[in-house]
Every structure is written in structure tokens, then in C-alpha cells.
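Hi,

Here is the structure I promised to pass on.

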Amino acid sequence: MCATKCSIDLLIPLILLLLPRLISSELNFNNDLDNNQKFKSIPTTIKTYENDTVLLPCYSDTPFQYVRWHRDNVPLVDSRHPEVLPPERIVLWSNGSLQVSNVKAEDTGDYYCEIMSNSNQAVQLHAIEVQYAPSVATEPSGVLELAIGATFEVVCLAQGVPQPAISWRLNGNTLDQYSNAANRQSHIFEIKSRSMAGLIECLAVNGVGQPAVAGVQLHVLFAPELSLPQSVVYTKVGDRAQLECIVESAPLATLQWFHHGVPVHMGAQISSQETELRVSHSQDGYVSLVKHALLVRKVRDSDMGQYECRASNAIGFKSATVELTGRPMPCVFKINPGTQSSTSHVLVWQTESMLPIMEFKLKFRQIPSANLTKPIRTNWTELTIPAQVTIGPIYITSYTLHGLQPASLFEVSVLARNSFGWSDNSKIVRFATGGEVELPNYSTESEMQYDATEEAFDNEITQRSHVFTASMIHNGDGVGRAYSVFLAYITIALQTCLAMHYT
């Protein structure tokens, strides 16, 4: 028993001593300087393209008995065993060189040539790098639907030799915020707004063939967004009325109408209809744009009032209000082509009412010279002006303000009343009495949140941004009244001519 144990103890160091030599007798992959000195050929790395033919040299200084080749430690061919056929497209030449025909991407790797003679063994390393155009895929792919506020990651899976360089695009535009992270394989996106909707692309380039592109189409889902063609619809009892509410949403939203907080009952008297407005199929074609209309066949007193259109989808809801009223429309001041005096001013305005107008309320006040560009805090002077009988719904009214301070600046507004109540305030406009006065480039319309594009034609009376001198004409009361009547007729004639000109 002791003798056996002692024999094993003696064999272990001997085996450890001989093991490196036993391993090297199989195949030496070190490719060191001694090995290279035994070859006429030199280690070579061949960069080529698919379908090319490659010849790997293996020339020895001395005659050899056999040669064999490995690719990444996988045997390919051995001259000692000619009965074993090499893999397809592999040919061993008589001088020991290896030919690879119609190379493919899987042929990339390290190739070892091993030669054996009576007393020597040597191994030389070569390499083949098959270069091919990039290919790319993204995860996720197809269409991705997410709501505003969501965060997601897009991974770019690119292949190719050489290793492709990666860049990112959104709707064809390079994502500059990622320019300092070149060749990044994935990106995390946060959806901050609807503008991020579109095609997210991963672009792979390696100089071989054409760049490869793959991407994912992002659909940004959002709560309904509402717009009103008219926030106030003017009508009268017995007329037909239509209230409209335009809804933009993704996904599609449903809409319900309310009257004074109560759901509207649809029937013969009141009905609703929907019209799809989006006809193009652009990148945001998944977004629905629908016009919802509430039709009132014959308006009754009980139909008047506030209506609410309330739209909702899976993301959220939104509502807007529309007023159905018989009140007059807001008055609009017209340009006064006549000459004004230093202490009076003729005002002309127009409104529309489905019912007879009973009276107007004219409000005016002087602007202190120190407050030309500041909001006015002085009180209004109010005048009640009876309405004149007219044919049709259009009312054109003129009125002369007397006893004004010369060379001064005033602002004015007017309202109209019928049996349903008072109209909204007109836009505030400014005028100057005769005399030299400087009007600053200042608009009170901005305070009222009105669009100034139509002021110059419809709403401005005599406002100018330069210094002007008004004619110093003083008229008596009788002359003033006659002049007002004459001016009203002139105004109507001018409006008719202008209407014919622009139609």
C-alpha cells in the first residue's frame, strides 16, 4: 500500500513536467519568433469582400512531411488524411497554401498553418476579415403608441465588418443632442410634446456598400384639444342655429353636448352630426380631426344659453363652452371720413341684431396727457342713445359728442341692447379733437386681447402714429345735427361701395 502511494507521488511531478511538451506536440498556436523564422511566408491579415477568393500562404524553409490548417481551433484540412474531404470552397495546395473561394461572412477568423517534418513542428497565423455592408434592426420596431410624458428606449442592432458607426434621426433630422455620444447603440427618449411624433431611425455606416437604416414609427397619444369656430352664436326665436366644436385627438375622442350642465337630448328638435376634417395621410395621419355640430331646428327661448362640448378619450378629456344668444353682436366703429371740429366729434358704428335694438350705451373718457401710454383708470362717461328704426338686422348709427376739450385725446366704446339683453363691449378706439396733438404708437386693443389686423379698416376712427393738425371748424347745434344726418347717409353709401368692391 505504501509502495503504491509512493509511486503515485513520484509520477505527479513527472506528469506536470511533461504536460507542456505533450500539448505542444498537438498544435502550437503561439506563432512566436522561432516559428516565423521557419517560414518563408509571413503572417498575413487579408481584408476582402464577399464572393472573393483568398489564398493564405504557408511556405517552409525546409521540406515538410505534412501540413494541416485550422480556423479558430476548428480543423479544416490535413494532408495526412486525403480521404477526408475539406469543407466546401476550401482547397489545399501542394505547397501548403490554403485557398478559400467565394468567401462569406462566416469565413472571417484566424487561420493556423501547421507544418511537420522529421524533427520540427511550426505554426504560422493568418487571418481573413470579410468586409460586408451593414445591416441594422431596431427594438422595438413597427409602430409604437405612447402618451405624452412616457419614456422609452430604442435599441439599434447593427452588424457589419468593419463595425458600423451608429447615428440617430427623428423625421430625417439628426438628433444633435446625442452628437457627443457617437456610435451609441441605444437611446432613451422622453415624450415631451406632440412634435416628437414621427419616424425614429438608426443609421449604420461602415464604408462598405450603402448605409443601412431601420426605425420605429412613434405615435404620440394625447388628450382632446378643442377649438371653436364661434364662441357666441347669434340667433332669434324660430330661426335655425348651429353650434360647432372641432376636436383633435389621438386616439379618437367621443363628444357629448350639455346645456346648462344637463346632457342635451337628441331628437327632432335638436340633433348632432360629425364630419371628418382630416383628409391627408401624413405622418400624423393617426390623429383624428372631427367637427362636431349641434343643430337646433327652430330656436326656442328655452334653447338659449350656455352649451358645453365635452370630449374624452383614453388619455384625458377637455371641454369648451358656446353661447347661443339673441343679444346683438358687438358694435364695430367705422371710419369717419368727415372733418371734425375742435370741441366735437362724430362717431359712426355698426352692429347686427336678429331682434330690434332698443338703445345704445356710449361710453367715453378723456385720456390725461401724462397717461398716453399707460392703462387708464379714470371713470367712463355714459350716454344712452335711442336706436333708430331700420329695415333688416344691420344697424348703422352716428352720434356727435359735443363740449369736448380741444387738442385732446379720448377713447370710446359702445354697447347695444335688445329684448334679450346687452351686447358685449365693442373694441375700445381712440380719437383726437381738433388741434395739434401727438398720438403715440399705442393700441388699447392689446389690453382687450383683440387682433389688430382689422383695426385699420373697421375699428380705427382717427388714430394716427404721427402728429397731425385737425381742421378748426366750429358748427352750431342745428348745423351739427344736419351734418350728422348727412354723414350717416355718406357712410352708408361708402359701405355699400366698399362691399361691392371686395365681393
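First, some bookkeeping: two strands count as paired if DSSP finds at least two bridges between them, and the strands themselves are DSSP runs (E, at least two residues; helices are H or I, at least four), numbered from the N terminus. This is a predicted model, so local features need pLDDT of at least 70 and side-chain atom pairs count only at pLDDT 80 or more, while totals for chains, interfaces and linings use all residues. Residues are numbered from 1 along each chain as its sequence is written, and side-chain values use heavy atoms, with hydrogens and water left out.

I'd start with β11 (residues 165-170). On that pairing rule, 2 bridges join β11 to β12 (residues 173-174), and the two run antiparallel; Arg169 stands opposite Thr174 there. β11 is also joined to β14 (residues 198-205), again antiparallel, by 6 bridges, with Ser167 opposite Leu203. One face of β11 is covered, made of Ile166, Trp168 and Leu170, whereas Ala165, Ser167 and Arg169 make the uncovered one.

What sits in the turn between β11 and β12? The two form a hairpin with 2 residues between them, and Asn171 in the turn has a positive phi of about 55°. Asn171 is not a glycine. Its relative accessible area is 29%, so Asn171 is partly exposed (buried is under 20%, exposed over 50%, partly exposed in between; 1.4 Å probe, protein chains only). His260 shows a positive phi of about 55° too, and is not a glycine either. You'll find His260 in the loop between β18 and β19 (262-263), and it counts as exposed because its relative accessibility is 55%.

Now the inside. A nonpolar core here is a set of buried Ala, Val, Leu, Ile, Met, Phe, Trp, Tyr and Cys residues joined through side-chain atoms within 4.5 Å. The largest one has 22 residues, and Val136, Phe152, Ile166, Trp168, Phe189, Ile200 and Leu218 touch the most other members. At least two residues of this core come from each of β10 (151-161), β11, β14 and β15 (212-227), and β15 gives the most, with 5 residues. Apart from this core lies another, of 20 residues, among them Val233, Cys245, Leu294 and Cys309.

Which residues does Leu218 touch? Leaving aside neighbours within four places in sequence, Leu218 is in contact (heavy atoms within 4.5 Å) with Leu144, Phe152, Ile191, Met196, Ala197, Gly198 and Ile200.

Two peptide bonds are worth a look. Val161 and Pro162 are joined by a cis bond with omega of about 0°, and Pro162 lies in the loop between β10 and β11. Ala250 and Pro251 are also joined in cis, with omega of about 5°; Pro251 is in the loop between β17 (241-250) and β18 (254-259).

Finally, the surface. Leu55, Val91 and Trp93 make a nonpolar patch of about 260 Å². Patches are made of residues with over 30% relative accessible area and no salt bridge, where like charges are joined within 9 Å and nonpolar side chains (Val, Leu, Ile, Met, Phe, Trp, Tyr) within 5 Å. Areas come from the Shrake-Rupley method with a 1.4 Å probe, and for residues only the protein chains shown count as cover; a salt bridge is a side-chain nitrogen of Lys or Arg within 4 Å of a carboxyl oxygen of Asp or Glu. Val91 belongs to β5 (residues 90-92) and is partly exposed because its relative accessibility is 39%.

Cheers
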